[in-house]
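Welcome! Please take a moment to look over the chain before reading on, and keep the picture open as you go.

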Amino acid sequence: MYIDHIHLDGYRNYQNADISFSEGINIITGGNAQGKTNLLEAISYLSSARSFRIRGDKSIINLNSDNFRIKAHIVAQGRESNIEIISKRTGRKQIYVNGIWQKTSAGLSGRFNTVLFCPEDLQLIKGSAGERRRFMDAAICQLRPKYAAALSEFTRLYEHKTRILKDHREKNSLLSVLDDFNIRIAKVSSEIIIHRALWCKRLNEIAPAIHGDITNGSEKLTLQYKTIKTMEDPSALNRQQIFQALMEDQIAHKFIELDAGQCLSGAHKDNIMICIDGNEARIFASQGQARTAALSLKLAEREINYNDCGEYPVLLLDDVLSELDSVRQDFVLNRITDGQVFITCCEGSELTEKTNGNIITVKQGAII
Ligand SMILES: Nc1ncnc2c1ncn2[C@@H]1O[C@H](COP(=O)(O)OP(=O)(O)OP(=O)(O)O)[C@@H](O)[C@H]1O
Ligand SMILES: [Mg+2]
């Protein structure tokens, strides 16, 4: 899977740029604030119609434009296709695949997969459970259109239920639909939990080995998917059992939820518990340990993607190699000999000499 051409119009500091890429390694270089990360962001945007840096599109649109347009030519499973996304300051974003309008971003699922690793990924280890949920959601959405659809349905129902829990005192009649919402939420959540449990199981089969390699066997990484307390190992349960457990948990929380005015039971609180040598990494890991663990997770995500699709997703490495010592840099570069890779680095980085990849130099939102 690779992208061979992108056209950016009004995207961040790119006013009108046409850029071609190599199928292998692409090094994006240039001074600070020239558009290296912006270019990576635009490539990753094609896989989910979402920025990895910010929610919503408003700040992505060039300050002097009313909209942005990304057009890309990609090759996946030996087939060529064109993706076009237009986002305006006002109105809904439009997504086209081979000229055909897509109702939602779920229409992009599985077409162009990317795995990104950037300095902020430290939060994957050190941040709240929300960071880890976003990680697995983004990864699974790329593989399973059904999951992406279930997730948007869940968000819709969750917001609706929250409104009921908040407003029921003023409007008592709202309570009559609460039970129905609980059933619908439990149904869509069981779909989500099945996918998350399976994906985390696969992640736990791959990431520890990579982490062992990077640390030369000196650290042991373990992962465990966590959902509502009554489900200890959701990967061992079937859909009906998961639905049942979710229903019981919602019933048990009904009065506390009504009292608190918020949803307390459900898949929106899921987490991946990450441990290094048996200790919870969120609390105990050092900076270097956390960075290495995050990298192991991302490279494992790439392997899962490969096992699933038969080809590697596009790997986007933003500014991360510069933070690794040369042994770890070489390890990463040696591990990613297959598939298309984008690496950003600052001007003058020795990486540009170490590689025989395609070098792209950006300056003020243009390629030189
Ligand atoms: N909506 C926008 N319109 C115009 N310019 C923008 C917009 N959003 C961001 N920029 C500008 O794009 C420039 C390049 O940002 P980018 O993050 O790509 O830099 P970079 O080359 O990765 O730099 P660094 O080496 O510091 O990471 C920044 O100066 C930023 O202010
Ligand atoms: Mg940058």
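The notes below walk through helices and sheets in turn. Keep in mind that this is a predicted model. Good places to begin are helix H5, which has 37 residues, and the open sheet formed by 6 strands.

**Two helices to follow along their length**

- Helix H5 covers residues 178-214, and from its first C-alpha to its last it reaches 50 Å, close to the 54 Å expected at 1.5 Å a residue.
- Once H5 has ended, look for Asn216, which has a positive phi near 60 degrees.
- Helix H8 takes in residues 287-309, and its 23 residues should span 33 Å at 1.5 Å a residue; the end C-alpha atoms are 33 Å apart, so the two values agree.

**How helix H3 packs against its partners**

- Two packed helices are described by the angle between their axes and the distance between the axes.
- For helix H3 (residues 129-143) and H5, the angle is about 95 degrees and the axes are 10 Å apart.
- H3 and H5 are therefore roughly perpendicular to each other.
- On the H3 side of this contact you will find Met136, Ala139 and Ile140, and they meet His195, Arg196, Trp199 and Cys200 in H5.
- Sorted by type, the residues of the H3 and H5 contact are 5 nonpolar, 1 polar and 1 charged.
- H3 also packs with helix H4 (residues 145-167), at an angle of about 130 degrees and with the axes 5 Å apart.
- This makes H3 and H4 oblique to each other.
- Asp137, Ile140 and Cys141 of H3 make this contact with Tyr147, Ala148 and Leu151 of H4.
- In the contact of H3 with H4, 5 residues are nonpolar, none is polar and 1 is charged.

**The sheet of 3 strands**

- Here the strands form an open sheet in the order S9-S10-S11, with antiparallel pairing.
- Strand S9 (221-226) and strand S11 (279-280) stand at the edges with a single partner strand each, so one side of each has no neighbour in the sheet.
- S9 pairs with strand S10 (residues 271-276) over 6 bridges, in the antiparallel sense.
- To find your way across this sheet, look for Tyr225, which stands opposite Ile272 in S10.
- H5 packs on this sheet too: it touches S9 and S10, and its direction makes about 170 degrees with that of S9.

**The sheet of 6 strands**

- This open sheet has the order S8-S12-S13-S3-S14-S15, and its pairing is mixed.
- Its edge strands are strand S8 (114-117) and strand S15 (366-367), each of which pairs on one side only.
- Strand S12 (residues 314-318) and strand S13 (residues 341-346) run parallel and are joined by 4 bridges.
- Asp318 stands opposite Thr344 in S13.
- H8 packs on the sheet, where it touches S8 and S12, and its direction makes about 175 degrees with that of S8.
- Helix H1 (residues 36-48) lies across strand S3 (25-30), S8, S12, S13 and strand S14 (358-363), and it runs at about 150 degrees to S12.

Conventions:
Residues are numbered from 1 along each chain as its sequence is written. Chains are lettered from A and ligands numbered from 1 in the order in which they are written. This is a predicted model: local features need pLDDT of at least 70, side-chain atom pairs count only at pLDDT 80 or more; totals for chains, interfaces and linings use all residues. Axes are lines fitted to C-alpha atoms, for helices over the stretch in contact, and angles run from 0 to 180 degrees between N-to-C directions. Angles under 35 degrees count as roughly parallel, over 145 as roughly antiparallel, 65 to 115 as roughly perpendicular and the rest as oblique. Two residues are in contact if their C-beta atoms, placed from the backbone, lie within 7 Å. Ala, Val, Leu, Ile, Met, Phe, Trp, Tyr, Cys and Pro count as nonpolar, Asp, Glu, Lys and Arg as charged, and the others, Gly among them, as polar. Two strands pair if DSSP finds at least two bridges between them. The expected span of a helix is 1.5 Å times one less than its number of residues.
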